[in-house]
Amino acid sequence: MSAVTFYGWEVEYDGDHHLSAEQEAKSGRLYTMYHGTTIPIAQQIIQNGFVQSRDGMLGPGVYVSRNQKKAERYPIGSAVNVRVVLKLNVDCGRVKRIDTDNHPMQKTWHQQGYDTAWVPPNCGMKSVPSGLEEDCVWDPKRCEVTDIALAPSTAILAQLKQLLSQKKSQPSSSGQGGCQTCKMPNDPGHAVQPCWGCGQSICTFMPRHVCTARP
């Protein structure tokens with residue numbers, strides 16, 4: 001394999017960070033998604049973050065959807081009066097499309113270097129009889145609760161919103177409140193390194209870097 005030398009880059013981010021359920025998932029984007037759960041679990045998620053499920057149709061991960069109606073069905077078998085839908089910002093990372101039953105990478109996509117598995121709507125998979133879009137995100141840290149999309153009562157809605165507001169007001173554990181190099185607010189853990197050309201401190205999530213050492 002031959003080495004490739006390049007200097008700098010420029011990328012374009014979606015302004016509203018929203019991808020509809022009918023659109024194909026794009027790698028490296030931050031999008032609005034939804035997660036259905038129960039009241040006590042919603043409280044735990046808001047306070048402590050998501051926990052990776054042990055298994056599922058797409059293997060371990062956090063199951064979310066860009067279709068709120070899909071999230072409203074979960075947890076399956078639970079009473080409607082205990083269901084909550086959380087609104088999230090999700091950093092998709094590298095996305096793998098899974099659109100057939102018994103797909104060879106249905107549960108091994110993360111081992112192949114992908115961060116999110118995406119099941120498109122109406123793809124015909126028997127394991128998704130609703131035909132509604134679904135995603136599985138491997139790393140729970142890629143999912144951040146931003147709001148409460150649905151609650152069984154106004155009282156529960158107010159309680160969860162207050163809990164979320166209190167959580168947001170707490171200082172970041174890193175003390176930075178986000179990556180100080182690329183300025184993305186939700187992930188303070190990016191690795192910063194010197195540019196191989198000019199030596200300037202860079203983060204690969206920066207939307208633009210012009211190397212002053214380029215020929």
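The stops that follow go from the whole chain to single residues and pairs.

**Stop 1. The whole chain**

Begin with the entire protein chain, and keep in mind that this is a predicted model. Colour the chain by secondary structure: there are three helices and 11 strands. Followed from the N terminus, the elements run β-β-α-β-α-β-β-β-β-β-α-β-β-β. The protein chain has 215 residues, and buried residues make up 40% of them. Consider next the contacts between residues at least 6 apart in sequence: 62% of these join residues at least 24 apart.

**Stop 2. Helix H1**

Select residues 39-48, which form helix H1. Which residues of H1 are buried? They are Ile 39, Ala 42, Ile 45 and Ile 46. These four lie on the same side of H1, because they cover an arc of only 120° around the axis. Now show what surrounds them: the buried residues of H1 pack against strand E2 (30-38), strand E4 (83-91), strand E8 (143-150) and helix H3 (154-169). Move on to Gly 49, which follows H1 and has a positive phi, near 90°.

**Stop 3. Ile 39**

Return to helix H1 and select Ile 39. Is Ile 39 buried or exposed? Its relative accessible area is 14%, and a residue counts as buried under 20%, so Ile 39 is buried. Leaving aside residues up to four places away in sequence, Ile 39 touches Asn 81, Val 82, Val 84, Pro 152 and Ile 156. Use the distance tool on Ile 39 and Val 85: their C-alpha atoms are 9.3 Å apart in space, while the two residues are 46 apart in sequence.

**Stop 4. The aromatic pair**

The structure holds one aromatic pair. Select Trp 109 and Trp 138, whose ring centres are 6.4 Å apart; their planes stand at 90°, so the pair is edge-to-face. Where do these two residues lie? Trp 109 is in the loop between strand E5 (95-97) and strand E6 (116-119), and Trp 138 is in the loop between strand E7 (134-137) and E8. The pair therefore ties together parts that are 29 residues apart in sequence. Display the surface as well: Trp 109 counts as buried, at 1% relative accessibility, whereas Trp 138 is partly exposed, with a relative accessible area of 29%.

**Stop 5. A charge over a ring**

Select Arg 94 and Tyr 114. The charged end of Arg 94 sits over the ring of Tyr 114, at 4.1 Å from the ring centre.

**Stop 6. Salt bridges**

How many salt bridges does the structure hold? It holds nine, and the selections below visit some of them.

- Select Glu 134 and Lys 70, whose side chains meet in a salt bridge (3.2 Å, N to O). Glu 134 is in strand E7 and Lys 70 is in helix H2 (residues 68-71), so that distant parts of the chain, 64 residues apart, are linked. Both Glu 134 and Lys 70 are buried.
- Select Asp 115 and Arg 142, where the side chains meet in a salt bridge of 3.5 Å, N to O. Asp 115 lies in the loop between E5 and E6 and Arg 142 in the loop between E7 and E8, so this pair ties together parts 27 residues apart in sequence. Asp 115 and Arg 142 are both buried.
- Select Arg 97 and Asp 99, which form a salt bridge through their side chains (2.8 Å, N to O). Arg 97 is partly exposed, with a relative accessible area of 34%, and Asp 99 is also partly exposed, at 24%.
- Select Arg 66, Glu 133 and Asp 135 together; a network of salt bridges links them.

**Stop 7. The cysteines**

How many disulfides does the structure hold? There are zero. Cys 92 is in no disulfide, and the nearest cysteine sulfur, which belongs to Cys 143, is 8.8 Å away. With a relative accessible area of 0%, Cys 92 is buried. Cys 123 is partly exposed, with a relative accessible area of 25%.

Terms used:
Residues numbered from 1 in each chain as written. Predicted model: local features only at pLDDT ≥ 70, side-chain atom pairs only at ≥ 80, totals over all residues. Heavy atoms only, no water. Buried < 20%, exposed > 50% of the residue type's maximum accessible area, 1.4 Å probe, protein only. Arc of directions from axis to C-beta. Contact = heavy atoms within 4.5 Å. Phe/Tyr/Trp six-rings, centres within 6.5 Å; stacked < 30°, edge-to-face > 60°. Lys NZ or Arg CZ within 6 Å of the ring centre and 35° of its normal. Salt bridge = Lys/Arg side-chain N within 4 Å of Asp/Glu carboxyl O. Disulfide = S-S within 2.5 Å.
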